Amino acid sequence: MDAIRTRLTQASSVGVAEDEEVGGAQRVEMRFVTSEAEEEVEAGPNSDITALVRRHRHGYRKVSMFLCVCGVVIFTTAFLLAYAMFSGRYHCSQVGGQGEEDDQLGGRTKPPAEVGVGLYLGELRVMMKRLLQDEDIHNTVSRVSRASHPPGSSEGTSVASEILRRFRDLQMDHTWTESLYATLQFPHRSQRSSLWLLDSAGLISEQIPLNPADYCPYSAAGSATGGVVYANYGRLEDFNWLKSVGVSVVGRVVVMRVGGGVSFAEKVWLAERNGAGGALIYPDPADLPQDPRRLGLNAHTAVSEHVHLGSGDPFSPGFPSFNHTQFPPIQSSGLPLIPVLPISATVAAKLLSQLTGASCPPSWRGRLPYVRCAVGPEFNSGRRVKMSVHNVMTPVLLNNIFSSLESRVEPDQYIILGAQRDSLGPGAVKSGAGTAILLELARTFSAMVKNGFSPRRSLLFVSWDAGDFGNVGATEWLEGYLSMLHLKAVAYFSLDQAVMGDDVLSAYTSPLLVDLLDAAIRQVEHPKHAGQTIYSQAEREGGSWRIVKPLYLNSGAYSFTAFAGVPAVELRFTEERAYPFVNTPLDSVSRLQEVLGGRLGVTGRSVGELVGEMVLRLAHDHILPLRITSYAQTVLQFSAQLNKHSAELQSRGLSPQWVFSARGDYSRAAETLQRAVDYSDLHDPTTARFYNTRIMRVEYYFLSQYVSAVETPFRHVIHGCGDHTLSALTEHLTLLTSDPERFDEKRFRRQLAFFTWTLQGAANALNGDVWSVHNTHT
């Protein structure tokens, strides 16, 4: 201000003498700023006055110009200072870790709120797309699937060593392995499983050749003899139809076909529950193409899959696998008690073509040659079948491989990405594609961190062992860390079997991740339809809602949600025509490339970009973008079913009012929490962490606290398995009208109570503090 006052004083005291001193220079300056009319003023009596006025005008103009310049300088300085503060708070430092080292040298600890949390989301998307590559995906799939690599084999150990090396080459923050012993089952080395036809006298009339490498892990060892019953896909409705026409499966060998939305384990469990003595499972040409000239199975190929109704080591259900010499094993209730064999379509045709008895429904008819669809149980000429299984349980050392990028803001919150590494066959789809995408995402995010990305939450990349035996490696890890994961694990992304085609996307997911998925498919280009996003292509083909599907038992994501209460998703591209080679010796990279038209790398990159888009949101946003109100809609649908049966329930003294009340409480609590989030200062780290902690636990709240984790590991009342689940409750409810005599009122009361208490507990937990909960009922 003193400088400005001095300048004004000098300007006001300008006189003629001063003007003459500066001479021509002053006149040149005046001509520069005056108008043309002023320049034409002639000298005369008024010239002195004119000159004086001009000098005063010039002085004021100089002051005005100086004030303008000062204003511009002050504004520019303020803008630069604000920009420096803003970029320091919201942008990543381009000098990795230097500021942190300076703070440490100065004896200061920088609080998490002051650490850069990443570039803008749009910038991160551009960076990720630029860094993601497809060249290595094909090479990795080829390497992983060059031969069978089951757990404990030399080839399996070689693949594990290479993945560990590649993780270490990325120089992420932490890379390590965790080892454990688990009980796996393999074919006996000297005794082969067999299948015979017996004559009416019980003597062997023919031995049916089987491939000794084909087996179902965790089948009961032993033999079974009896007539044969065809049970279609082996679903609950299939066995109910057989009962309705008077066909009993008790003591018989049940033949079922692959597919129908039912895993091998569920087929065998239902067959055993209905009294079957043994089970044979085959691939029908109606479900899996079997013309080798058109990328199909040959008729002599069987499909293998484990038959443990559960996941993890079946001798340590619900708790981590220990050394069994010190801790006695506890056998899982999901292990079958009947022998099971996988057979080829040729063997199935030989058996089913000789069946007599009732004709099967039209929907049961497959495409086996020379088969008149009859359900049995009798053979022509009174013959029977005998089967024997010789599998042995073996303790195997497993190795899970981990690598992580640790966040500087919320390092104790993990976003987990994982893929199965092992395979009983070559496993191009089963383990190769997922492993390749996992390594590519690890390389991409590691490069992004080196280029300035600072994730708000930690990223954890995992290669799991023993996936072919029921996700043993992943489940045992969950069991070992169960008490802490619901406080730390944000979400899990399974990359298993991610590429089986390049046309139709399926997302087997927890409802909490649906909004995140919807936003991601709007950003990522479809791998087969250039210029179209996955979302726009799905809308053209009937609607993007078709993409979302419920989690299923054999999914790599299932245990994370149903057992551990962590939101999880498994993404998969397929073709309209099923990929037939999964779980067979024909699952090779050459066949996968042929199905994809040589676009394995491109398709794998699209899956990687889709997963990466979802991970970016979780790693970048202040508040976790999970749809916490989603389960209210699920329970509302069940409430509508209860309403339909309200008269029958009330006649038995049962009232659905408690369920309606719990649903209302949960819905209000979720909406209240969402509103509180919407109206809060999300840039405040304390506020953000307070809300994120509650959001992260929503999935965990739906694990029933009223059933044992050992006896019923999948405790989730929506996605789990067991009498405590919503599906079991709904199934039992339908008996009120379909078969009232089978309705068990005492059991139904117990089911309803368990579900209601779990739902009410979730509502109370979402409400927050105990003084925020008002459970008053009239």
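Modeller: What follows starts with the whole chain, turns to one helix pair and its salt bridges, and ends with a few other places in the chain.

This is a predicted model, in which local features need pLDDT of at least 70 and side-chain atom pairs count only at pLDDT 80 or more, while totals for chains, interfaces and linings use all residues. Residues are numbered from 1 along each chain as its sequence is written, and side-chain values use heavy atoms, with hydrogens and water left out.

The protein chain has 26 helices and 16 strands. Both are DSSP runs numbered from the N terminus: helices are H or I with at least four residues, strands are E with at least two. Of its 778 residues, 52% count as buried. Buried means under 20% relative accessible area, exposed means over 50%, and partly exposed lies in between, with a 1.4 Å probe and protein chains only. Contact here means heavy atoms within 4.5 Å. Taking contacts between residues at least 6 apart in sequence, 79% join residues at least 24 apart.

On the helix 15 side, the contact is made by L516, L517, A519, A520 and I521, which meet L610, E613, M614, R617 and L618 in helix 19. By class, this contact has eight nonpolar, no polar and two charged residues. Ala, Val, Leu, Ile, Met, Phe, Trp, Tyr, Cys and Pro count as nonpolar, Asp, Glu, Lys and Arg as charged, and the others, Gly among them, as polar.

Salt bridges come next. A salt bridge is a side-chain nitrogen of Lys or Arg within 4 Å of a carboxyl oxygen of Asp or Glu, and the whole structure has 29 of them. One joins the side chains of D515 and R627, with 2.6 Å from N to O. This pair links distant parts of the chain: D515 is in helix 15 (residues 514-521), R627 is in the loop between helix 19 (600-620) and helix 20 (630-644), and the two are 112 residues apart. D515 is partly exposed at 37% relative accessible area, and R627 is also partly exposed, at 31%.

R522 and D518 form another salt bridge, at 3.0 Å from N to O. Both are partly exposed, R522 at 41% and D518 at 26%.

Beyond the R627 loop comes helix 20. Its buried residues include S630, Y631, A632, V635, F638, S639 and L642. They pack against helix 21 (646-651), helix 22 (657-678), helix 24 (698-701), helix 25 (726-738) and helix 26 (745-767).

Some backbone details elsewhere may be worth checking on screen. Most residues other than glycine have a negative phi, and most peptide bonds are trans. The bond between G376 and P377 is cis, with omega about 15 degrees, and P377 is in the loop between helix 11 (345-352) and strand 9 (384-389). S381 lies in that loop too and has a positive phi of about 65 degrees; S381 is exposed at 65%. A466 also has a positive phi, near 60 degrees. A466 is in the loop between strand 12 (457-464) and helix 13 (472-480), and is buried at 0%.
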